[in-house]
Amino acid sequence: MAKKMAQSASLKQILRRCSSLGRRQQDVVPRGHFPVYVGESRCRFVVPIACLEHPQFLVLLRMAEEEFGFDHDAAITLPCDEAVFEALLASLAH
């Protein structure tokens with residue numbers, strides 16, 4: 001139970017940081033979404049917050065935290081190939 005609450009608090013912190021990033025950038029992030037960067041070229045994706053409910057997406061966030069950390073002012077960078085991420089988004093949409 002405590003682990004789940006800690007994860008929830010961590011996700012809320014991530015979302016607050018991401019939503020404030022969207023306001024600083026020229027590209028507006030729609031309400032209920034957040035930006036991430038993916039792949040070697042750091043391709044920007046704007047994904048729905050609902051993705052946070054999917055275990056596969058949470059695995060990517062944990063990998064990003066381990067590899068890059070979340071204690072910086074840049075948007076979240078996911079350690080994933082662009083094509084793989086696009087396939088994940090497509091599978092989550094169904």
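Contact here means heavy atoms within 4.5 Å, and helices (H or I, at least four residues) and strands (E, at least two) are DSSP runs, numbered from the N terminus. This is a predicted model: local features need pLDDT of at least 70, side-chain atom pairs count only at pLDDT 80 or more, and totals for chains, interfaces and linings use all residues. Residues are numbered from 1 along each chain as its sequence is written, and side-chain values use heavy atoms, with hydrogens and water left out.

**Exercise 1. Find which residues of helix 2 and helix 3 meet.**

Step 1: Start with helix 2, where Gln56, Phe57 and Leu60 make the contact.
Step 2: Across from them, helix 3 brings Phe85, Leu88, Ser91 and Leu92.
Step 3: Sort them by class (Ala, Val, Leu, Ile, Met, Phe, Trp, Tyr, Cys and Pro are nonpolar, Asp, Glu, Lys and Arg charged, the others, Gly among them, polar). You get 5 nonpolar, 2 polar and no charged residues.

**Exercise 2. Work out how Phe34 and Phe57 are arranged as an aromatic pair.**

Step 1: For Phe34 and Phe57, the centres are 6.0 Å apart and the planes at 80°, an edge-to-face pair.
Step 2: Phe34 sits in strand 1 (residues 33–38) and Phe57 in helix 2 (residues 55–67), so this pair ties together parts 23 residues apart in sequence.
Step 3: Check burial (buried is under 20% relative accessible area, exposed over 50%, partly exposed in between, with a 1.4 Å probe and protein chains only). Phe34 is buried at 1%, and Phe57 is buried at 0%.

**Exercise 3. Describe the largest nonpolar core.**

Step 1: A nonpolar core is a set of buried Ala, Val, Leu, Ile, Met, Phe, Trp, Tyr and Cys residues joined through side-chain atoms within 4.5 Å.
Step 2: The largest one has 19 residues, and Val36, Val47, Phe57, Leu61, Leu78 and Phe85 have the most contacts inside it.
Step 3: Helix 2 gives the largest share, 5 residues.

Conventions: Rings of Phe, Tyr and Trp (its six-membered ring) pair if their centres lie within 6.5 Å; planes under 30 degrees apart count as stacked, over 60 as edge-to-face and the rest as tilted.
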